[in-house]
Amino acid sequence: MNTVVMYTDGACKGNPGPGGWGVLLQSGGHEKELWGGEAETTNNRMELMAVIEGLSALKRPCRIDLHLDSQYVRKGITEWIHGWKAKGWKTASKQPVKNADLWRRLDELVHDGVHDIHWHWVKGHSGHPGNERADALANRGVPL
């Protein structure tokens with residue numbers, strides 16, 4: 001099983017506003033950069049899209065060391081999602097889960113058993129080289 005190191009980030013100019021997502025993939029001495037964006041979105045949606053697009057880009061099962069600065073995404077997919085699903089995509093306060101469309105997509109990618117994903121939170125804007133590159137890619141993806 002190949003090992004992939006993945007860095008993801010989202011950016012938004014206004015929240016909501018134009019936003020972008022970025023992904024840096026590293027494996028076996030090779031790198032791939034991905035980015036994209038939407039004209040009207042939120043920072044949380046772009047954080048989710050970065051992980052979705054990064055995982056969707058992988059063509060075969062991998063061990064993934066996934067680095068992100070979003071506790072929303074990391075805790076959402078590793079902790080909160082189980083309760084949301086059990087409650088019919090409602091929060092503990094019985095409100096609809098925000099961004100449920102993206103959470104469902106991410107859930108399929110993460111919990112289908114294809115990849116062995118290890119989640120690593122990094123502090124954003126703290127000089128971490130991989131996170132800084134993912135941030136730059138996310139900003140590149142913001143529509144002008």
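**Aromatic pairs.** I looked up the aromatic pairs in this predicted model and found that the structure holds three of them.

**Y72 and W103.** I started with Y72 and W103, an edge-to-face pair with 5.3 Å from centre to centre and 65° between the planes. I then checked where the two residues sit. Y72 belongs to helix α2 (residues 71-86) and W103 to helix α3 (residues 100-111), so this pair ties together parts that are 31 residues apart in sequence. Next came accessibility: Y72 has a relative accessible area of 18%, which counts as buried because the limit is under 20%. W103 is buried too, and its relative accessible area is 0%.

**W80 and W84.** My next stop was W80 and W84, which form a tilted pair, 6.1 Å centre to centre with 55° between the planes. Are they buried or exposed? I noted W80 as partly exposed, at 35% relative accessible area, whereas W84 is buried at 11%.

**A charge over a ring.** Last, I looked at W35. I found R140 lying over the face of W35, at 4.3 Å from the ring centre.

How values were computed
Residues are numbered from 1 along each chain as its sequence is written. This is a predicted model: local features need pLDDT of at least 70, side-chain atom pairs count only at pLDDT 80 or more; totals for chains, interfaces and linings use all residues. Side-chain values use heavy atoms; hydrogens and water are left out. Rings of Phe, Tyr and Trp (its six-membered ring) pair if their centres lie within 6.5 Å; planes under 30 degrees apart count as stacked, over 60 as edge-to-face and the rest as tilted. Helices (H or I, at least four residues) and strands (E, at least two) are DSSP runs, numbered from the N terminus. Buried means under 20% relative accessible area, exposed over 50%, partly exposed in between (1.4 Å probe, protein chains only). A charge sits over a ring if NZ of Lys or CZ of Arg is within 6 Å of the ring centre and within 35 degrees of the ring normal.
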